[in-house]
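Here are a few worked exercises on strand pairing and chain layout. Grab your viewer and try each one before you read its solution.

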Amino acid sequence: MNPAPAASTSHGVVRLEIPAVAEWVAVARLAVAAVASRQRFSVDEIEDVKLAVAEACTNAIQHGTPDGSISIVCEVSDEGLVLTVRDRGQGPPLGAVEEERIGEGGRTEELGVFLIRALMDCVEYTSDVRDGTQLVMTKRVSG
Amino acid sequence: MDIKVNVRESEGDAYVVDLTGEIDVYTSPKVKDAITELIDKEHYNLVINLEKVRYIDSTGLGVLIGGLKRVREHGGSVNLVCTNPQIKKIFDITGLVKIFGIFDDEQSAMKALA
């Protein structure tokens, strides 16, 4: 996995907060897709970003968040898009998931983690009792 | 955003589940209910048509995997019809192409059940 990009010029930050409820995940992914479409991402790359943010939100919903909300921050820069998905809950340890386990019918959350790691260029995860769970995902513009 | 589910009987004992829309954490329970109902009625050979599905996430994949595991316990199978490159890519990167039969059209998916 490649390291996060070095400091780059930020062109704006979009903040969104959604209820931690399944029906709101579509709103998150459509909003993030709209932000991503302002950059030089291909259609496929925008689909990758949509799926990654949806998986992060689904993780937050499935593991519960005490204040019932999920925060999504999209930071646009020359080099790409940095998405930070944060909730107040204790998420699962996002370790590496082996493809063989998925083939055997791994749990949905493992599939979600696998997809996030496969579709995004850089993924950083922190979780603790005091601050909750934070997932920072970077997608670089390839073109 | 919604998912439309249509179940129809096909050749022999096989059933086809046509899905239209987006399969995510909100809509996947509806897909799961349709598949579970078929299996509960002892229909173990299924074709799930994803041609009109624009989006699928891990919860949708989980429903398909769960259905496949259940029908296999009874000697059945689940074949998928999928032509959307983005959705095919999801099956590719998760390795699920190895456990599902994935076909470009319903006729081929039905033929492979036999």
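**Exercise 1.** Find the bridge partner of B:L46 in β4(B).

*Solution.* Start at B:L46 and look across to β4(B): the partner is B:V78. Next, zoom out to the strands, which are DSSP E runs of at least two residues, just as helices are H or I runs of at least four, numbered from the N terminus. Strand β3 (residues 45-56) of chain B pairs with β4(B) in the parallel sense, over five bridges; pairing takes at least two DSSP bridges. Right-handed here says that, with the strands pointing away from you, the path from the first strand over the helix to the second runs clockwise.

This is a predicted model, where local features need pLDDT of at least 70, side-chain atom pairs count only at pLDDT 80 or more, and totals for chains, interfaces and linings use all residues. Residues count from 1 along each chain as its sequence is written, while chains are lettered from A and ligands numbered from 1 in the order written.

**Exercise 2.** Work out which residue of β5(B) stands opposite B:V81.

*Solution.* Strand β5 (residues 101-103) of chain B pairs with β4(B) in the parallel sense over three bridges. Within β5(B), B:F103 sits opposite B:V81. Follow the chain and you get another right-handed β-α-β unit, made by β4(B), helix α3 (residues 85-94) of chain B and β5(B).

**Exercise 3.** Explain why strand β4 (residues 77-81) of chain B is largely enclosed.

*Solution.* Count C-beta atoms, placed from the backbone, within 10 Å of each residue's own: 20 or more others is buried, 12 or fewer exposed, in between partly exposed. Four of the five residues of β4(B) are buried, so the rest of the structure largely encloses this strand.
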